[in-house]
Structures are given as C-alpha cells and as structure tokens.
Amino acid sequence: MEINEGFVRQAIELARRARERGNRPFGALVVVDKQVVLTAENTVNSQANPTCHAETNLVQKAIRDLSGEQRSRATLYTSCEPCPMCTGAIYWAGIRSVVYALPGEKLRNLSGRGFRTSCRELFASAGEKVEVGGPVLIEEALKVHQGYWTSPPLSGAKRL
C-alpha cells in the first residue's frame, strides 16, 4: 500500500478546522486516482449528533457522489484511526483502503473514552479485504488534540 503523507496532513488540517469550528478535532478525505475528491470534518458538536464523525460524514458524501466502482478504488485518509462505527460505515460503503494518523489507543489515553478494538481487527473479520495503513505522522496528529479533551467547549458549543 502506498501512503501519501501529504494526504494525511490534509486530513490533520481538516481536523484543525473542525476544532476551530467548535467540533471535535477529526478530519477525513477520499482520494481516487491520486486526487482528493471529497473532504469532511467532524460535526458532532455543531450538529448535536454523536454519529457525525468525520468518516461517517465523508462516507455519506461518497455514497451520494461516487460510484461503487470509484469507492472500491478509493483510499480514505483520516486524522485518527476509525472507531468501530466508522469502520463499519467505511466497509459497507465499499471503500477498501484506509490510512490513518493517530492510533485509537493514543486517542483513548487523551480523551479517556473509546473502544479497545482496532479498525484492523474489525476489517480483518470482514468478508472482503480492506487494506489499512497507519499510524502515520502521529506527533502531527497529536498536536491538533492538545488541550482539547481537558478544556471546556467553546462558548455556545455543546460538547457531546
């Protein structure tokens, strides 16, 4: 699997923007034929919906905007390892390649919450193969989270 660190950095930048907008610091993008075709940020707080992770938001766009064939050739780059909900959404959308920056274990250490099952384990238990790359650029991905999980939410924002 070829990993493009530039795409990982773009996902981390999307996470930074999500945080600036009062959401959790997560971002993701879809690459087809070495081109970014879709991007998404986490909108959990602004949408008051705990399922609005960057990856699930992105998968919804991919289902609407890309053919099944394009999704099967796509790589989803994300600023953090996908949780079980996002892993399932990625799989059922037909995306068969994922690259992440921050490992879920490190996020759990920061936030004090999350699952212990890795996306690799979940994808390995699926019927069709999904390639997984990462963790990549961990220190860069960690910077976006610094202070987030211990600080109060921005005024007017509800943290779910």
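Reader: Which elements do the buried residues of H7 pack against?

Author: In this predicted model, the buried residues of helix H7 are Ala 141, Leu 142, Val 144 and His 145. Seen down the axis of H7, these residues fall within an arc of 150°, so they line one face of the helix, while Glu 139 and Lys 143 are exposed on the other side. The elements against which the buried residues of H7 pack are H1, strand E3 (75-80), strand E4 (97-102) and helix H5 (104-111).

Reader: Are H1 and H7 roughly parallel or roughly antiparallel to each other?

Author: The axes of helix H1 (residues 5-20) and helix H7 (residues 138-145) come within 9 Å and cross at roughly 5°. Since angles under 35 degrees count as roughly parallel, the two helices H1 and H7 are therefore roughly parallel to each other.

Reader: How do the residues of the contact of H1 with H7 divide into nonpolar, polar and charged, and what are the counts?

Author: On the side of H1, the residues that take part are Arg 9, Ile 12, Ala 15, Arg 16 and Arg 19, and in H7 they meet Glu 140, Ala 141, Val 144 and His 145. Sorted by class, the residues of this contact come to four nonpolar, one polar and four charged.

Reader: Which strands stand at the edges of the open sheet?

Author: Five strands form the open sheet, with mixed pairing, in the order E2-E1-E3-E4-E5. Each edge strand has a single partner strand, so one side of each is left without a neighbour in the sheet, and the strands in this position are E2 and strand E5 (131-133).

Reader: What angle does the direction of H1 make with that of E1, where H1 packs on the sheet?

Author: From one strand of the sheet to the next, the twist averages 20°. Helix H1 packs on this sheet and touches E1, E2, E3 and E4, and its direction makes with that of E1 an angle of about 145°.

Reader: Which residue in the hairpin of E1 and E2 takes a positive phi?

Author: Strand E1 (residues 27-32) and strand E2 (residues 35-41) pair in the antiparallel sense over six bridges, and Val 31 has Val 36 of E2 as its bridge partner. The hairpin has two residues between the strands, and the residue that takes a positive phi, near 55°, is Asp 33.

Reader: Over how many bridges do E4 and E5 pair?

Author: Val 99 stands opposite Gly 133 in E5. The pairing of E4 with E5 is in the parallel sense, and the number of bridges is three.

Methods. Residues are numbered from 1 along each chain as its sequence is written. This is a predicted model: local features need pLDDT of at least 70, side-chain atom pairs count only at pLDDT 80 or more; totals for chains, interfaces and linings use all residues. Side-chain values use heavy atoms; hydrogens and water are left out. Two strands pair if DSSP finds at least two bridges between them. Helices (H or I, at least four residues) and strands (E, at least two) are DSSP runs, numbered from the N terminus. Axes are lines fitted to C-alpha atoms, for helices over the stretch in contact, and angles run from 0 to 180 degrees between N-to-C directions. Angles under 35 degrees count as roughly parallel, over 145 as roughly antiparallel, 65 to 115 as roughly perpendicular and the rest as oblique. Contact means heavy atoms within 4.5 Å. Ala, Val, Leu, Ile, Met, Phe, Trp, Tyr, Cys and Pro count as nonpolar, Asp, Glu, Lys and Arg as charged, and the others, Gly among them, as polar. Buried means under 20% relative accessible area, exposed over 50%, partly exposed in between (1.4 Å probe, protein chains only). The arc is that of the directions from the helix axis to the C-beta atoms.
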